[in-house]
Amino acid sequence: MLAVLILFPLALAALANLLPWYRGRSWLLPLAGALHLALAGMLVVHPGSAAAAGAWIGLDALSRLVLLVASLLFFGCALYATEYLNLRRDRGNTVMVPCLLVFLSAMTLAIVARHLGVLWLGVETTTIASAPLIYYNRNRLSIEATWKYLLIGSVGIALAMLGLLFIAYAALGSGVPVSLQLDKLLADGPLLAGPWLHAGFVFLLVGFGTKMGLAPLHTWKPDAYGEAPGMVGALLAGGLTSVAFLAILRGVQIMGAAGDLAMARQALLGMGMLSLLLAAVFMVRQPDIKRMLAYSSVEHMGILAIGVGIGGLATFGALLHLVNNALTKGCLFLSAGNIHRAFASKHLSEVRGAISALPLSGGLFLAGFLAITGSPPFGPFLSEFTILRGIFASGQLVIGALFLILLAAVFIGMGATVLAVTQGEPMEPELHSHDRLLLVAPPLVFLLVVLVLGFFIPPPLSALLQEAAALLEVNP
Amino acid sequence: MYDLSNLCLLLVILLNFFTLGSSRLGACIRAVALQGALLSLLPVTTHGLTGHALVLAGGALLLKGVFIPWLLLSAIREVRIRREIEPLIGYIPTLILGALVTAASFIFADFLPLLPEHQGGLFIPTSLATLFAGFLLLMTRRKAITQVLGYLMLENGIFIFGILLSEAMPLMVEAGVFLDLLVGVFIMGIVMNQINREFSTLNTERLSALKE
């Protein structure tokens with residue numbers, strides 16, 4: 001069943017290469033998205049028998065959570081893509097559609113992997129599949145962004161491979177049969193040789209942290225998100241970063257099994273605070289709306305790392321925040337894409353009065369900003385508040401205070417740009433494109449889900465989050 | 001067999017230096033190809049003639065020794081560039097840095113808590129030295145193609161370490177890793193081609209429009 005989930009997007013990707021019909025090719029995306037969402041939903045609700053202990057792929061609470069988020073996000077972006085690609089007939093979709101489908105398959109592979117080698121393969125494949133997506137606009141700037149993304153991403157992921165090998169070496173020394181299968185590693189945790197395991201975790205953190213965009217490894221992020229089409233930015237900022245975070249969490253699980261959870265948490269906490277700080281600095285007076293969103297992504301990756309770094313209640317908050325962040329970023333990037341297209345610019349000097357020009361997209365962008373900065377009543381408010389409660393409950397008052405100050409700085413910095421973009425009167429009355437149903441419905445739905453999550457977390461989701469958070473606490 | 005491994009590893013280190021000190025791109029590509037081919041001997045010399053070792057060796061030889069170098073050579077032929085001009089740091093300083101990191105790798109490997117059978121061997125220090133040499137190449141050169149070579153060298157360093165642990169990676173995963181490397185370099189080749197078309201040069205210093 002899981003194998004089908006991974007393989008069918010690949011089959012559709014092959015079909016997309018053969019199909020000579022433009023619109024049909026575009027519509028393969030929502031088809032794949034809907035099928036994927038339906039299958040993933042079924043698997044999440046009825047996990048069936050627990051995966052065999054030695055299997056390479058399987059589902060646990062963490063992977064179910066991320067699978068659901070990634071699948072929902074992809075479906076929304078796929079619907080958006082049909083209309084977007086229709087508007088961009090000049091650039092075509094012969095590369096875009098297959099790459100998006102391979103990207104979906106690779107993401108799924110990385111999410112359901114129970115073997116660290118398979119996990120690595122999945123994440124590496126996402127890098128390769130997303131490079132052509134970033135290059136979609138084919139101009140000098142997008143070449144530059146793609147080159148940086150490819151090179152930094154590839155080197156990062158190579159270091160993650162070194163981290164995996166170190167972890168395998170940690171097993172070699174203690175006479176344990178060497179395997180990178182997650183269940184085996186967790187069972188043998190206490191036997192792993194400490195120094196190699198620690199080095200391995202650090203390399204994993206650096207490698208997958210590069211993909212996730214934790215500071216100081218985030219340098220590719222503003223360029224890539226800034227030059228990629230909005231829809232691709234949404235998938236990268238909501239989907240891929242969550243997958244990379246899951247990969248880091250696997251490392252945390254192994255450290256937990258070996259009894260070194262404290263060290264893993266400290267490392268995460270340090271990088272998380274640094275991300276928050278750097279993001280806040282660069283977001284103030286950021287004149288480019290997509291780059292601003294990229295720094296916001298760095299910020300929220302930092303929040304996720306801090307949540308898991310604190311542990312306890314904050315871990316629960318971080319996992320909830322993963323859901324909120326992914327969907328809110330989806331809404332923001334898609335609506336920013338609409339604004340970018342209508343004004344043919346993403347620069348503050350040329351984009352004014354988005355709300356009066358594009359009431360829906362502009363409104364969604366403004367509401368998305370309020371949501372992502374943690375204003376009530378949206379979901380991120382709840383998750384950030386939970387993380388904050390966790391921080392104070394653990395007695396880390398300085399970190400809690402810094403966290404609050406930096407969030408406030410981000411709110412002010414981002415608010416200045418967003419308000420300038422959305423308020424006022426547009427400088428040119430002529431727009432290059434207008435709101436269409438499929439271009440505003442997906443971000444609207446994402447925002448509504450986030451809004452609902454701010455009021456009410458459905459009991460099944462809450463149970464799933466509890467179960468997933470418990471996986472990160474194991475300390476036998 | 002043990003001596004053969006060590007001979008290969010010593011040659012790998014020499015090739016690191018050759019690549020760091022040479023300005024001719026064709027020669028650099030061939031050196032990295034030779035390095036890949038030498039590495040492909042190692043699984044067999046360490047693990048004997050097992051099926052897994054043979055597949056690993058064959059895959060590495062085809063990919064690192066033949067196919068990727070061929071891809072890169074045809075890329076430089078197409079864009080007609082021969083030499084790396086003005087690296088960020090000169091060749092002699094790069095070589096000195098390379099010597100320093102190699103020495104540091106050997107000293108560092110002595111401090112690592114290695115298993116008794118790996119102590120005093122050349123595997124770990126060579127792996128680290130190649131990794132660092134790759135990094136050096138990646139950071140000090142301006143041509144996109146030399147940066148790709150640096151990335152390949154870094155991969156080679158990781159590959160050497162991986163040989164000690166080949167039982168940790170099932171064959172399927174190994175194959176996937178190779179495939180990813182291949183496709184990755186292929187895509188880098190395409191992007192290089194686009195850089196050349198758009199900027200009429202492969203110098204990545206021109207890629208500096210995106211910043212704060």
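User: What does the secondary structure of chain B come to, in helices and strands?
Analyst: Chain B comes to 7 helices and 0 strands. Helices (H or I, at least four residues) and strands (E, at least two) are DSSP runs, numbered from the N terminus. This is a predicted model, where local features need pLDDT of at least 70, side-chain atom pairs count only at pLDDT 80 or more, and totals for chains, interfaces and linings use all residues. Residues are numbered from 1 along each chain as its sequence is written, while chains are lettered from A and ligands numbered from 1 in the order in which they are written.

User: And how many helices does chain A have?
Analyst: Chain A has 19 helices and 0 strands.

User: OK, what about chain B's radius of gyration?
Analyst: Chain B has 17 Å, in agreement with the value near 17 Å for a compact globule of 212 residues. Its C-alpha trace spans about 50 × 35 × 35 Å along the principal axes.

User: How much of chain A is buried?
Analyst: Buried residues make up 63% of the 476 residues in chain A. A residue is buried if 20 or more other C-beta atoms lie within 10 Å of its own, exposed if 12 or fewer, and partly exposed in between, with C-beta atoms placed from the backbone. In chain B, 42% of the 212 residues count as buried.

User: Which residues of H9(A) are buried?
Analyst: They are A:Trp220, A:Lys221, A:Pro222, A:Asp223, A:Ala224, A:Tyr225, A:Gly226 and A:Glu227. That is 8 of the 8 residues of helix H9 (residues 220–227) of chain A, so the helix is largely enclosed by the rest of the structure. The buried residues of H9(A) pack against helices H5 (116–134), H6 (140–173), H10 (230–257) and H12 (289–310) of chain A.

User: Is A:Ala106 buried or exposed?
Analyst: A:Ala106 counts as buried, because it has 26 C-beta neighbours inside 10 Å. A:Ala106 is found in helix H4 (residues 96–112) of chain A. Leaving aside neighbours within four places in sequence, A:Ala106 is in contact with A:Gly122, A:Thr125, A:Thr126 and A:Ala129. Contact here needs two residues' C-beta atoms, placed from the backbone, to lie within 7 Å.

User: Back to B. At what angle do H1(B) and H2(B) pack?
Analyst: Helix H1 (residues 2–21) and helix H2 (residues 25–47) of chain B pack at about 160 degrees, with their axes 9 Å apart. Axes are lines fitted to C-alpha atoms, for helices over the stretch in contact, and angles run from 0 to 180 degrees between N-to-C directions. That makes H1(B) roughly antiparallel to H2(B); angles under 35 degrees count as roughly parallel, over 145 as roughly antiparallel, 65 to 115 as roughly perpendicular and the rest as oblique.

User: So where do the chains meet, and how many residues are in contact?
Analyst: 33 residues of chain B are in contact with 34 residues of chain A. H7(B) gives the most to chain B's side, with 12 residues.

Key: Rg over C-alpha atoms; globule rule 2.2 N^0.38 Å.
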